[in-house]
Amino acid sequence: MLELYYLPGSAPCRAVQMTAAAVGLTNLNLKYLNLMAGEHRKPEYVKLNPQRSIPTLVDGDTVLTESRAILMYLCDRYGAKADARDTEDSERCSWYPRDVLQRAAVNQRLFFDACVLYPRFTDLYHPVVFGGAAPDPKKITAFEGAVALLDTFLTQSAFVAGSHMTIADISLFATLATACALQFQLSPFANVHRWYGAMLEQCPGASLNIVGAKDFCSYK
């Protein structure tokens with residue numbers, strides 16, 4: 001049985017849950033980790049994850065941290081059967097394609113989320129949610145700039161890395177769901193707005209993503 005140490009309000013944790021649903025994993029044992037109570041600093045957890053971050057996935061003797069690495073792992077380890085069920089052309093529709101060029105496109109969008117969009121989200125909203133600060137106009141502009149880049153990416157295809165949904169879409173969807181729960185408006189970004197609606201309708205686990213994003217707002 002796989003164990004996932006998580007917090008529902010965490011976008012990276014929800015990305016892992018949605019990916020698990022996408023590849024058909026039904027044996028994901030959720031281990032709630034209350035960061036606000038300091039449970040991530042307990043010795044037994046630090047032994048698993050010295051970064052003291054979430055999510056952490058435990059699969060037998062394998063322990064993985066960093067959500068995007070976990071998404072890749074779940075697809076590589078457990079995704080083949082799900083791909084085969086979905087289509088005869090599993091390479092084309094894989095959540096994490098094996099084709100080098102397709103995978104490179106997915107990786108680029110994953111790292112865009114990890115290195116640009118999500119850091120700008122946390123820079124803007126964490127002081128608001130956890131510190132009660134007013135939103136910083138410069139940080140709003142920086143986050144809007146990242147969403148505008150995503151909007152540009154989506155002029156090229158229906159989903160962020162091509163014509164089919166991948167784990168890059170899932171990761172970005174998790175980030176933006178939390179921003180939307182905090183009243184960020186996607187309507188000025190027509191392509192992102194269209195894509196987000198498609199994710200709400202088509203992404204496995206979309207409902208838990210929205211519920212978890214609302215839960216993040218309760219940390220105020």
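I began with the strand pairing in this predicted model. Strand β1 (residues 2-6) is joined to strand β3 (residues 56-59) by 4 bridges, and the two run antiparallel. I looked up the partner of Y5 and found T56 in β3.

I then traced the sheet. It is open, has 4 strands in the order β2-β1-β3-β4, and its pairing is mixed. I noted β2 (28-32) and β4 (62-65) as the edge strands, each pairing on one side only. Neighbouring strands are turned by 20 degrees against each other on average, direction ignored. Helix α1 (residues 11-22) lies across β1 and β2 and runs at about 150 degrees to β1.

Next I went through the rings. I have 13 aromatic pairs on the list. One of them is Y73 with Y78, edge-to-face, at 6.5 Å centre to centre and 80 degrees between the planes. Y73 is buried at 16% relative accessible area, and Y78 is partly exposed at 23%.

I also checked F173 and Y196, an edge-to-face pair with 5.4 Å between centres and 70 degrees between planes. F173 lies in helix α7 (residues 167-181) and Y196 in helix α8 (residues 190-202), so this pair ties together parts 23 residues apart in sequence. F173 is buried, with 0% relative accessible area. Y196 counts as buried at 10%, because the cut-off is under 20%.

I recorded one aromatic cluster formed by Y118, F121, Y125, F130, F143, F184, F189 and F216. Over the ring of Y118 sits the charged end of R68, 5.5 Å from the ring centre.

How values were computed: Residues are numbered from 1 along each chain as its sequence is written. This is a predicted model: local features need pLDDT of at least 70, side-chain atom pairs count only at pLDDT 80 or more; totals for chains, interfaces and linings use all residues. Side-chain values use heavy atoms; hydrogens and water are left out. Two strands pair if DSSP finds at least two bridges between them. Axes are lines fitted to C-alpha atoms, for helices over the stretch in contact, and angles run from 0 to 180 degrees between N-to-C directions. Contact means heavy atoms within 4.5 Å. Rings of Phe, Tyr and Trp (its six-membered ring) pair if their centres lie within 6.5 Å; planes under 30 degrees apart count as stacked, over 60 as edge-to-face and the rest as tilted. Buried means under 20% relative accessible area, exposed over 50%, partly exposed in between (1.4 Å probe, protein chains only). A charge sits over a ring if NZ of Lys or CZ of Arg is within 6 Å of the ring centre and within 35 degrees of the ring normal.
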